[in-house]
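Please read them with the structure open.

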Amino acid sequence: MEIFLVLADERHFGRTAERLRLSQPRVSQTIKKLERRIGAPLFERTSRRVQLTPLGAQLRDDLQPLYQGMAEAMARATATARGVHGTLRVGFLGVGAGELSPTIMDTFRARHPGCEIQMRETHFSDPLGPLRAGEVDLLLTRLPVTEPDLTVGPVVLTEPRVLAVPARHPFSRRSSVSLEDLARDTVFGITGPAPGYWWDFHVPRSTPSGRAIPRGQDISTFQELLALIAAGQGISPVAASVERYYNRPDIAFIPLVDAPDTDVAVVWRTAADTARVRAFVQATRHALDINGGPARF
């Protein structure tokens, strides 16, 4: 299976043999044996190129997810056999788990001193990309996340939302605003591959009554969002913790009374449910028990 898939990728017997550290005759013999077993050619061979036949392409497409699943199953088994050691890479968006973060990290380190935690910030232009690319093992990220290949674990932070506006904006003199008020100004779009439903939850396209909310410039980072708000380019709903951690004199934060709360949860790739990931989730649940539930603002 591996020889066939690598040859389907490389389209060259020599490179396939080199990549798999096999002899070229071994690769050729294996493919011929496979073709005899199936009863038809899988590759078209000429002196200049190697191409998949339609049957070969079909077999590649059928085998690739099965082979990937087998490889991931072996990786999980190996990780479990070795115990919780090595490095756990944790991505976080914004404030992560907020004030619960130290408790989670301390619990994990106390239980698994042989495992190092590395933290990496993610950005809302691509909140799930580093996880899917294997750059982090799990995420502390904002919901909603409804992806078929990802598992959403415990919620660690729940908080209301506020509206960030320029300090001289008319809304800055009000004690509260509603989602209907968003239609009176401009919000921001987003660049990058962030799921559309995810950004639409945090920055809705319309008010509860159906009025369109104008969208202006697209942004890619949180600091860019704050800079544009301060410059009078628009307004934006944000989590209430932003006022505490990113307070600045040129931006006012007004309670957004009818916006649903925003949650942060632990998220990981379902196929990469390793011993380290499970240990972190267990440490998170323990921290939640100590705290009496998710942290709140």
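1. A polar contact here is a pair of N or O atoms within 3.5 Å, where, within protein, one atom must be able to donate a hydrogen and the other to accept it; residues adjacent in sequence count only if both atoms are side-chain atoms. On that basis, six residue pairs are in polar contact between domain 2 and domain 3, both residues of a pair being at pLDDT 80 or more. The model is predicted.

2. The domain assignment gives three ranges: domain 1 covers 1–79, domain 2 covers 85–153 + 264–292, and domain 3 covers 161–255. The C-alpha centres of domain 2 and domain 3 are 27 Å apart. Contact between these two domains involves 16 residues of domain 2 and 21 residues of domain 3.

3. About 1,400 Å² is buried between domain 2 and domain 3, with 64% of that area on carbon and sulfur atoms. On the domain 2 side, the most area is lost to domain 3 by Phe124, Ser125 and Pro144, which together account for 44% of what that side buries. The residues of domain 2 that touch domain 3 comprise eight nonpolar, four polar and four charged. How many salt bridges are counted between domain 2 and domain 3? The count is zero.

4. The peptide bond leading from leucine 143 to proline 144 is cis, with omega near 10°. Proline 144 sits in the loop that runs between strand 5 (138–142) and strand 6, and Pro144 is also one of the three residues named above for the area lost to domain 3.

5. Most residues other than glycine have a negative phi, and most peptide bonds are trans. Arginine 11, in the loop between helix 1 (2–10) and helix 2 (13–20), has a positive phi of about 55°. Arginine 21 has a positive phi as well, near 60°, and lies in the loop between helix 2 and helix 3 (24–38). Is each arginine buried or exposed? Arginine 11 has a relative accessible area of 28%, so it counts as partly exposed. Arginine 21 is exposed because its relative accessibility is 78%.

6. Threonine 158 belongs to strand 6 (residues 150–159). Why does threonine 158 count as buried? Its relative accessibility is 9%, and buried means under 20%. The side chain of threonine 158 makes a polar contact of 2.9 Å with the side chain of aspartate 263. Leaving out residues up to four places away in sequence, threonine 158 touches Asp261, Thr262, Asp263, Pro294, Ala295, Arg296 and Phe297.

7. Glutamate 44 is in strand 1 (residues 43–45) and is partly exposed, at 43% relative accessible area. Beyond its neighbours within four places in sequence, glutamate 44 is in contact with Arg49, Val50, Gln51 and Thr53. The C-alpha atoms of glutamate 44 and valine 277 are separated by 44 Å, and the two residues are 233 residues apart along the chain.

8. Proline 113 lies in the loop between helix 5 (101–111) and strand 4 (115–122). With a relative accessible area of 70%, proline 113 is exposed. Its C-alpha atom is 40 Å from that of isoleucine 190, a residue 77 residues apart from proline 113 along the chain.

Methods. Residues are numbered from 1 along each chain as its sequence is written. Side-chain values use heavy atoms; hydrogens and water are left out. Helices (H or I, at least four residues) and strands (E, at least two) are DSSP runs, numbered from the N terminus. Buried means under 20% relative accessible area, exposed over 50%, partly exposed in between (1.4 Å probe, protein chains only). Contact means heavy atoms within 4.5 Å. Domain bounds come from an automatic or database domain assignment. Buried area is the accessible area (1.4 Å probe) that two parts lose on being put together, summed over both. A salt bridge is a side-chain nitrogen of Lys or Arg within 4 Å of a carboxyl oxygen of Asp or Glu. Ala, Val, Leu, Ile, Met, Phe, Trp, Tyr, Cys and Pro count as nonpolar, Asp, Glu, Lys and Arg as charged, and the others, Gly among them, as polar.
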